[in-house]
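Here's a quick briefing to read alongside the model. Have the structure open and follow along by topic.

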Amino acid sequence: MAIEAASSRHRPIKIWTDRLSSLMAILNPKSHHSTVREIQTLLLSHKRIHLRWLKAHVGYLGNECADQLAKEAITKGGPFFLSKLLSYLKSEIRTAGLSFWQDNWDNGDTVCSTHDIVPMVSNKPVGWNREKLMFVTGHGPFPLSLQFSNT
């Protein structure tokens, strides 16, 4: 169970799921289901673990990968074991996600001036304040006459 694995970590952990019904059951303090009660107890004793919901089947790479692994586990029957270390799988998902993001950044409807300033995507903060971000992206309370044009 993901919560049990996360409980050994000494930092905040977010566990994402597309099962809204499961999250709603966990939020129900009157639930009598033994698995739900066990999860509630674990969450109460590990305050740094947070459950989050994300919409299913909309292209979130990690979620799509998890769905595929779950389908393989069901169709193959019997116990399912990962052939790679979890850290390796996380790294592969992160790399694939950044590659997908970079491709969209390079070939999407990006304003050229923003792409020229920030040509490479990253999941690390750039360290810019709010005003710099608004200026570079052109998103903010600017009059239309201050908007830059690529022509």
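**Starting at threonine 137**

Threonine 137 counts as partly exposed, because its relative accessibility is 30% (buried means under 20% relative accessible area, exposed over 50%, partly exposed in between, with a 1.4 Å probe and protein chains only). Threonine 137 sits in helix α7 (helices are DSSP runs of H or I with at least four residues, strands are E runs with at least two, and both are numbered from the N terminus). Before going further: this is a predicted model, where local features need pLDDT of at least 70, side-chain atom pairs count only at pLDDT 80 or more, and totals for chains, interfaces and linings use all residues. Residues are numbered from 1 along each chain as its sequence is written, and side-chain values use heavy atoms, with hydrogens and water left out.

**Overall picture**

- The protein has 7 helices and 2 strands, and from the N terminus they come in the order α-β-α-α-β-α-α-α-α.
- Of its 151 residues, 17% count as buried.
- The accessible surface of the protein is about 12000 Å², and carbon and sulfur atoms account for 61% of that (areas come from the Shrake-Rupley method with a 1.4 Å probe, and for residues only the protein chains shown count as cover).
- Take the contacts between residues at least 6 apart in sequence: 47% of them join residues at least 24 apart (contact means heavy atoms within 4.5 Å).

**Around helix α7**

- Asparagine 129 caps the N-terminal end of α7 (residues 130-137), with a side-chain oxygen 3.2 Å from the backbone nitrogen of glutamate 131.
- What follows α7 is glycine 138, with a positive phi near 80°.
- Back at threonine 137, the C-alpha atom is 9.8 Å from that of isoleucine 117, and the two residues are 20 apart along the chain.

**The largest pocket**

- The volume of the largest pocket is about 2000 Å³.
- Its lining has 41 residues, and the closest to the pocket centre are Ala2, Lys14, Ile15, Trp16 and Ala66.
- Elements giving two or more residues to that lining are α1 (2-6), β1 (13-17), α2 (20-27), α3 (34-45), α4 (61-76) and α5 (86-107).
- The most comes from α4, with 9 residues.
- By class, the lining splits into 27 nonpolar, 6 polar and 8 charged residues (Ala, Val, Leu, Ile, Met, Phe, Trp, Tyr, Cys and Pro count as nonpolar, Asp, Glu, Lys and Arg as charged, and the others, Gly among them, as polar).
- As for how a pocket is found: on a 1 Å grid over the protein atoms alone, a pocket is an open set of points where a 1.4 Å probe fits, with protein on both sides within 12 Å along at least five of seven lines, and lining residues have an atom within 4 Å of a point.

**The loop between β2 and α4**

- Histidine 57 lies in the loop between β2 (49-53) and α4, and alanine 56 is in the loop between β2 and α4 as well.
- Histidine 57 has a positive phi of about 55° although it is not a glycine.
- Most residues other than glycine have a negative phi.
- Histidine 57 counts as exposed because its relative accessibility is 59%, while alanine 56, at 24%, counts as partly exposed.
- Leaving aside neighbours within four places in sequence, histidine 57 is in contact with Asn63, Glu64 and Asp67.
- Not counting residues up to four places away in sequence, alanine 56 touches Asp18 and Asn63.

**Glutamine 102**

- Glutamine 102 lies in helix α5 and is buried, because its relative accessible area is 11%.
- Not counting residues up to four places away in sequence, glutamine 102 touches Pro119, Met120 and Val121.

Note on methods
A polar contact is a pair of N or O atoms within 3.5 Å; within protein, one must be able to donate a hydrogen and the other to accept it, and residues adjacent in sequence count only if both atoms are side-chain atoms. Grid points are joined across faces, edges and corners, and a volume is the space filled by probe spheres set on the points.
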